[in-house]
Amino acid sequence: MIRPGEYIRDILQSAAGERHTARGWVKTRRDGKGVHFVQLNDGSVFRDLQIVLDHEVASRLGKAVLDLITTGACLEVTGVLVDSPGSGQSLELRAEEATVHGPAPAATYPLQKKGHTMEYLREIAHLRSRSNTFGAVFRIRNVVSYAIHRFFQERGFLYVHTPIITASDCEGAGALFGVTALDLQALPRTTEGAVDFSQDFFGKPAFLAVSGQLEAEIFALAFSNAYTFGPTFRAENSNTPRHLAEFWMIEPEMAFCDLAGDMAVAEEFLQFLLRDVLERCDEDLDFFEKRIDPTVRDTLRHVAETPFEHLTYTEAIALLEQADRDWEYPVVWGGDLQAEHERYLTEEAVQRPIIVTDYPREIKAFYMRMNDDGRTVRAMDVLVPRIGEIIGGSQREERADVLLSRLKDCGLPEEPYWWYRELREYGSVAHAGFGLGLERLIMYCTGMKNIRDVIPFPRTPGSADF
RNA sequence: UCCCCGUUAGCUCAAUGGCAGAGCAUUCGGCUGUUAACCGAAGGGUUGGUAGUUCGAGUCUACCACGGGGAGCCA
């Protein structure tokens with residue numbers, strides 16, 4: 001394996017004159033008279049290492065081996081790092097020995113050195129990670145994931161693994177995937193003709209989790225601050241560049257915390273992550289700025305430094321009503337903010353992230369804390385330009401009696417929530433939390449336009465390849 | 001799920017209802033410490049599928065599949 005100090009990232013930071021062994025995959029190759037140039041990349045850094053094979057080494061390797069050094073081939077080269085006379089790089093590795101581990105026949109290798117469309121690359125998801133774009137995307141995804149843990153760990157949050165399989169169809173956060181061990185060709189039936197889930201693996205219907213929030217609350221009320229970071233599943237038939245059936249979500253939950261505290265954490269969290277990307281992903285951001293979205297770095301800097309705008313839902317509605325334009329969806333207090341409304345707010349009225357709070361209770365979930373006005377709940381959505389909602393959160397209803405009446409109002413059964421309600425009976429306290437969609441954040445950090453291109457292997461309606 | 005657009009060479013795209021084209025990639029030759037190298041030549045096609053209109057369909061019609069954009073749902 002490649003050890004620390006041996007990655008191409010490390011070699012590129014070494015001094016001329018040192019001997020190194022570089023291993024990776026060939027991005028391109030150019031031939032001169034009696035000299036060959038190979039761009040080698042091991043994924044550790046955006047830049048390629050230029051390998052120079054001079055006439056002596058080339059003839060020692062022989063034409064048969066030389067012909068195998070093509071785009072996509074896996075190559076190991078040992079040589080001396082020297083100052084490069086060329087203009088594209090300061091250092092290059094002058095090869096003394098070279099081994100082709102796995103050739104990649106040029107006639108059929110799907111990745112060319114020309115640009116490809118994102119749609120085409122998606123069809124070759126097993127190879128697209130070797131491309132400039134996806135190398136950069138997944139390095140940033142990795143940096144962000146690490147930063148997420150650092151942010152919470154540095155603040156004393158406990159990382160909790162909430163279940164993937166759940167038997168409670170809670171929350172109503174969209175359609176769920178059923179999980180069953182029953183034989184779908186011969187389903188057991190009750191006398192009424194319904195599927196008899198008592199014979200299923202869990203003895204009742206089970207689903208893939210749409211959120212870890214309710215369990216995270218359990219941990220917040222034991223460990224004070226907790227967070228989840230894991231896969232989440234929605235069976236919604238959503239066909240947009242912003243939705244996946246399987247995505248990764250971060251859900252912190254804080255005890256002794258109200259909505260103001262919740263918003264403060266959300267803002268501090270987002271800014272921490274963006275600053276980290278700006279500091280650690282300079283070369284990858286160069287690429288995104290040059291090829292994907294020329295504004296991406298400026299946007300990250302701006303958002304990382306500027307306090308977020310705060311608006312109540314009622315204020316947001318007023319802003320929209322004052323806007324001089326024809327809405328496709330009418331602006332009415334009590335209705336959901338439509339995409340066109342969110343876009344106007346973030347992209348035109350305010351032009352930076354906005355935290356909208358205190359939504360009408362009718363359009364939000366049962367667990368959100370009721371305000372004293374009786375009409376609104378302590379919900380917050382963080383809206384950002386281009387992506388829309390990137391964070392959704394709330395202060396949770398900590399009062400047992402109010403929670404119970406909210407369940408009834410929403411037409412939800414009490415029984416499945418017995419433990420959730422019991423948390424309010426024993427040692428209840430104000431608490432709050434939110435959910436951040438990892439992929440939407442990565443879209444924001446990279447300027448990538450389609451969420452399917454910021455997750456290694458996207459799952460969407462009608463598509464679960466690789 | 002709804003609306004709109006698209007599907008032609010390995011990739012990216014042209015082609016008034018009338019002989020199927022280019023660039024890149026590939027192969028071969030040339031040139032060159034090269035930088036998405038350059039110059040020349042060659043090979044490469046059931047125009048997404050099915051049915052129809054027409055003397056004639058890549059082009060028009062219907063349905064289907066897949067992809068993209070927008071909307072809804074949401075993170």
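Reply: Gladly! Let's start with one helix: the buried residues of α12 pack against β14 (376-384) and α13 (418-425). This is a predicted model, where local features need pLDDT of at least 70 and side-chain atom pairs count only at pLDDT 80 or more, while totals for chains, interfaces and linings use all residues. Residues are numbered from 1 along each chain as its sequence is written, chains are lettered from A and ligands numbered from 1 in the order in which they are written, and side-chain values use heavy atoms, without hydrogens and water.

Me: What makes α12 a helix, and which of its residues are buried?

Reply: Helices are DSSP runs of H or I with at least four residues, and strands are runs of E with at least two, all numbered from the N terminus. α12 spans residues 400-409, and Val402, Leu403, Arg406 and Leu407 are buried there. These residues are on the same side of α12, because their arc around the axis is only 140° (the arc is that of the directions from the helix axis to the C-beta atoms). Asp401 and Lys408, on the other side of α12, are exposed. After α12 comes Gly411, with a positive phi, near 70°.

Me: Why do residues a few places apart point the same way?

Reply: An α-helix has 3.6 residues a turn, so residues three or four places apart point the same way.

Me: Why is Gly135 called buried?

Reply: Buried means under 20% relative accessible area, exposed over 50%, and partly exposed in between (1.4 Å probe, protein chains only). Gly135 has a relative accessible area of 11%, so it is buried. Gly135 belongs to helix α5. Over chain A, buried residues make up 51% of the 466 residues.

Me: And why is Pro307 called exposed?

Reply: Pro307 has 53% relative accessibility, so it counts as exposed. You can find Pro307 in the loop between α9 (296-305) and β12 (309-312).

Me: Which residues does Pro307 contact, leaving aside its neighbours within four places in sequence?

Reply: Pro307 is in contact with Glu267, Gln271 and Arg352. Contact means heavy atoms within 4.5 Å. The C-alpha atoms of Pro307 and Arg352 are 9.1 Å apart, and the two residues are 45 apart in sequence.

Me: How do you know that the buried residues of α8 are on the same side?

Reply: The buried residues in α8 are Asp284, Leu285, Phe287, Phe288 and Ile292. Their arc around the axis is only 155°, which means they are on the same side of α8. The buried residues of α8 pack against α4, α5, α7 (259-280), α9 and α14 (438-446).

Me: What makes something a cavity rather than a pocket?

Reply: On a 1 Å grid over the protein atoms alone, a cavity is a set of points where a 1.4 Å probe fits but cannot get out; a pocket is an open set with protein on both sides within 12 Å along at least five of seven lines, and lining residues have an atom within 4 Å of a point. Points are joined across faces, edges and corners, and a volume is the space filled by probe spheres set on them. The whole structure has 2 cavities of 30 Å³ or more. The second largest cavity holds about 30 Å³. Its lining is Leu270, Leu274, Val303, Phe308, Pro353, Val384 and Tyr444.

Me: What classes make up that cavity's lining?

Reply: The lining of the second largest cavity has 7 nonpolar residues, with no polar and no charged ones. Ala, Val, Leu, Ile, Met, Phe, Trp, Tyr, Cys and Pro count as nonpolar, Asp, Glu, Lys and Arg as charged, and the others, Gly among them, as polar.

Me: What lines the second largest pocket?

Reply: The second largest pocket, with about 1100 Å³ of space, is lined by 42 residues, and Lys27, Phe46, Asp48, Ser131 and Asn132 lie nearest its centre. By class, they are 12 nonpolar, 18 polar and 12 charged. α8 gives the largest share of this lining, 6 residues.

Me: Which domains does chain A have, and where do their bounds come from?

Reply: Chain A is divided into domain 1 (8-109), domain 2 (130-173 + 216-453) and domain 3 (175-209). The bounds come from an automatic or database domain assignment. The centres of domain 1 and domain 2, over C-alpha atoms, are 45 Å apart. Domain 1 and domain 2 each give at least three residues to the lining of the second largest pocket.
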